[in-house]
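Got a model open and wondering where its labels come from? Let's go through some of them one by one.

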Amino acid sequence: MSGTGRFRTFAWVAAIALGAGLAAYLARPGGRTALDVRRSSFRTTPDGAAAFARGLERFDRSTAPRLTPLADADPVPGALVLLSPTVVPSPAEVHALLERVRRGGTLVYSPRLFPAISSALRITPLMDSVGIAFRVPRPGDLEEPEWAAHPLTEDLRAPTAPRRALRRMTSRELGGRRDAEPLEGDIPGEAGTRSIPPVQTLLTTGRNQIRRWTGAALMPFGEGHIIVLSDAEPLSNGRVGDDPLALVVMRALLTHTTPADTIFFAEFHQGIRGYESTARRWAGFVFGTARGRTLLQLLLAAFLALACAGLRFGAPTTAAPPRDRERRSPLEHVSALGDLYQKARARRTAALLLLARLARSVRRPPPRDVAEARALIRELEARRGEQPSLARIRRGLRTDPVDLTMVAAGIDDHLGRRAGP
């Protein structure tokens, strides 16, 4: 392939690659923009919890993501942060988790608000096990927040009003017994029926000083503790630096864990199943989305067309002549060969083949490129002087594309003059 042909091929490849890159950028997956809310330690967006995790590490507490469920997988860790889980823990997971807390573990838990079809709010298995439910807010319920008297809330500035409030589940919700501890703000005698953890209120809210609702609480549970929040937003990246409730939760974790403990963030329940590299994300986009598959097919079609345009399918003539046809005459063979060179736009190659006759006349090897062809012409001129036939060959080589007729005529004229008397 000549230099011009190689340049044209590389130019097409570069153009296709550039077009594919531009199309991939315009059609890139939208995962870079987080439109949903996930309290994940992986996220650095305002809704994530990466800043809270890094803050714990500054106080000599190691943090790590948990990418497996709490049952039929790795052992349940001693310290777990479960914030507004999008994947609700199953009853088996709740049992394993609370058993670990009862043996001395620590849990930071903020339920996710799932509005039900009816006027009641959905109660998850973990909420049912600890005996809490969301309070349907009424005018004044989320106003005038106050810290409760507790060592974890000492020397803090005024709290920020929560967006939601918790309540103790009623006796009908709990099943009929009357041995549950009352949660501040509930009517005495209305509390539940089975044994559920006692509550140490940390944050209360509501204009009614007699029936105040809970925004945060600490529940001793066996030898362990559960820190319950009505809303996980104070621990988000956008609020963790300004909301004093985040400091309360950090104090609780530092109090009930040791530097040898690792605090795990339940990423599995945020819908995260594992680490994903950039290559895997692009592979998922190319093979797992309609736009990616369309882009891949267009790119393959473009390269296939480019390959077919420059691919030579076998020799120009068969190795043996067909039995049912007469052998071609030399003139027909040359004409067919010339047509092939012309269709392949290989005029420069054909000119070099023609100059092989001229090189053999002076016992020189055939020229392999235009530079050697010009050197051959200069050598002939040095031997016999300047001649019109050699000048015609030079002009034919100089044209673009090469003028094969002029080159062939110049060669015939030069060799004829040399053979003449």
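Q: What makes the place of Ser-84 a loop position?
A: Ser-84 lies between strand 2 and helix 3 (91-102). Helices (H or I, at least four residues) and strands (E, at least two) are DSSP runs, numbered from the N terminus. By the way, this is a predicted model, where local features need pLDDT of at least 70, side-chain atom pairs count only at pLDDT 80 or more, and totals for chains, interfaces and linings use all residues. Residues are numbered from 1 along each chain as its sequence is written, and side-chain values use heavy atoms, with hydrogens and water left out.

Q: Why is Ser-84 called buried?
A: Its relative accessible area is 7%. Buried means under 20%, exposed over 50%, and partly exposed in between (1.4 Å probe, protein chains only), so Ser-84 counts as buried.

Q: What makes the phi of Ser-84 worth a remark?
A: Phi is near 45 degrees there, a positive value in a residue other than glycine. Most residues other than glycine have a negative phi.

Q: Why is the pair of Phe-52 and Phe-265 called edge-to-face?
A: The ring centres are 6.3 Å apart and the planes are at 75 degrees. Rings of Phe, Tyr and Trp (its six-membered ring) pair if their centres lie within 6.5 Å; planes under 30 degrees apart count as stacked, over 60 as edge-to-face and the rest as tilted. So the pair is edge-to-face, and the structure holds 1 aromatic pair.

Q: How do you know that this pair links distant parts of the chain?
A: Phe-52 is in helix 2 and Phe-265 in strand 10, 213 residues apart. Phe-52 is buried at 0% relative accessible area, and Phe-265 is buried at 2%.

Q: What makes a group of residues a nonpolar core?
A: A nonpolar core is a set of buried Ala, Val, Leu, Ile, Met, Phe, Trp, Tyr and Cys residues joined through side-chain atoms within 4.5 Å. The largest one here has 28 residues, and Phe-52 and Val-249 have the most contacts inside it. Helix 6 gives the largest share of this core, 7 residues.

Q: Which residues does Val-249 touch, not counting residues up to four places away in sequence?
A: They are Phe-52, Val-108, Ile-227, Leu-229 and Leu-235. Contact means heavy atoms within 4.5 Å.

Q: Why is Gln-200 called partly exposed?
A: Gln-200 comes in at 32% relative accessibility, so it counts as partly exposed. Gln-200 is in strand 7 and, leaving out residues up to four places away in sequence, touches His-150, Ala-217, Leu-218 and Pro-220.

Q: Is Ser-389 buried or exposed?
A: Ser-389 is buried, because its relative accessible area is 1%. You'll find Ser-389 in helix 12 (residues 388-398). Beyond its neighbours within four places in sequence, Ser-389 is in contact with Gly-410, Asp-413 and His-414.
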